[in-house]
Amino acid sequence: MDGDRVEIDGGIMEGGGQILRVSTALSCLLGLPLRVRRIRAGRSQPGLRPQHLSGLAIIRDLCEGRLEGGEIGSTEITFTPGKIKGGTHTADTKTAGSVCLLMQVAMPCVLFAASPSELHLKGGTNAEMAPQIDYTVMVFKPIVEKFNFTFNCDIKKRGYYPQGGGEVVVQMSPVKELSPINLTERGIVTKIYGRAFVAGALPIKLAKDMSAAAVRCIRKEIRDLYINIQPVREPDDQAFGTGSGIIVVAETSTGCLLAGSSLGKRGKNSDKVGIEAAEILLRNLKHGGAVDDSLQDQLIIFMALAKGVSRVKTGPITLHTQTAIHFAEQLTKAKFTVTKLEEEDPGKDTYIIECQGMGMINPNL
């Protein structure tokens with residue numbers, strides 16, 4: 001069998017866990033045996049970390065596959081997929097590893113399962129270096145559902161750095177195929193809303209400060225819009241450990257959603273957390289794209305699987321997105337083109353990502 005393995009270089013381009021997520025998900029979907037070498041070669045701690053391992057384990061369980069080299073610190077794995085089955089699956093990073101990244105790797109697979117799935121994902125819900133669960137629910141979910149599927153995401157408990165301890169339950173039914181998306185009209189911003197949260201030992205005043213600072217920062221650029229950022233204290237039975245952060249979302253006349261978010265940490269002034277989120281949002285609004293910089297790369301695998309041509313208008317293409325495109329093209333028959341929009345306002349840096357999807361059909365339905 002080894003002769004037919006697809007070889008993946010895990011050290012090129014973005015060189016992180018994302019290569020593993022995209023390539024193992026596609027391997028599982030397409031029934032392609034895989035070898036990934038030089039995993040996270042460029043990172044300060046190369047090789048598999050606990051969150052990557054739990055992501056690999058859930059993919060293996062989803063398709064009753066075979067995984068070799070699945071140990072912490074391992075820089076090479078081989079994966080032989082089986083048939084994707086639905087049902088209940090659990091993935092636990094046992095750390096603050098992100099449940100949102102576990103969702104990213106599992107979701108494309110369970111869409112093409114034989115029956116409905118329930119994923120119990122445990123780890124960090126609001127963690128660094130990953131989308132926050134609020135982003136997943138408020139931005140990723142409504143946009144990705146335009147590919148013509150729905151899912152339910154129930155936040156049972158929030159978990160923060162360093163212990164994690166959070167849990168979300170994702171339920172979804174399989175689809176026959178995915179429809180392509182067209183997100184090319186940004187429209188005008190019609191509302192701005194969000195939530196600033198504290199949990200555990202932190203006082204609600206911090207949430208109010210984050211919210212007020214974010215509002216002040218956005219007001220400088222956008223004067224005529226009501227901005228509603230709710231300060232909240234997470235109930236003690238719905239959060240594990242201590243954490244704080246903020247997400248601010250802009251909604252547009254064409255139904256686009258763009259966001260900025262930030263996490264608090266020890267020694268970081270709460271005003272700074274609020275301002276950071278506001279500045280990310282404003283930067284995302286300035287480039288004129290219909291999606292924000294965090295969503296770009298998360299849409300690539302769905303575009304590759306969809307049947308037909310998808311088009312998405314974005315700001316500058318992130319390295320994560322370039323990486324996702326590279327591996328989606330290597331593993332599927334999807335074809336991507338990225339075009340810089342010259343006719344736009346010269347001050348804007350906008351692109352169209354176009355994809356002729358492979359038209360994956362669910363063989364089980």
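Begin by selecting strands E13 and E14, which form a hairpin with four residues between them, and look in the turn for Gly255, whose phi is positive at about 85°; helices (H or I, at least four residues) and strands (E, at least two) are DSSP runs numbered from the N terminus. The model is a predicted one, in which local features need pLDDT of at least 70 and side-chain atom pairs count only at pLDDT 80 or more, while totals for chains, interfaces and linings use all residues. Residues are numbered from 1 along each chain as its sequence is written, and side-chain values use heavy atoms, with hydrogens and water left out.

In E14, Ser261 is the bridge partner of Ile247.

Now move to the open sheet of five strands, which is mixed in its pairing and has the order E5-E6-E8-E7-E12. Strands E5 (87–92) and E12 (239–240) stand at its edges with a single partner strand each, so one side of each is left without a neighbour in the sheet. Within the sheet, select E6 (residues 117–123) and E8 (residues 166–172), which pair in the antiparallel sense over seven bridges, and find Leu119 opposite Val170 in E8.

Then show helix H2 (residues 50–62), which lies across E5 and E6 and runs at about 165° to E5; axes are lines fitted to C-alpha atoms, for helices over the stretch in contact, and angles run from 0 to 180 degrees between N-to-C directions. Helix H4 (residues 133–144) also packs on the sheet, where it touches E7 (151–159) and E8, its direction making about 170° with that of E7.

Finish at Gln104, in helix H3 (residues 99–111), where UniProt, in an unreviewed entry, places the feature "binding site"; UniProt positions are given in the numbering used here, feature names are shortened, and annotations may be inferred rather than shown by experiment. Leaving aside neighbours within four places in sequence, Gln104 is in contact (heavy atoms within 4.5 Å) with Arg21, Pro131 and Gln298.

Note on methods:
Pairing = 2+ DSSP bridges.
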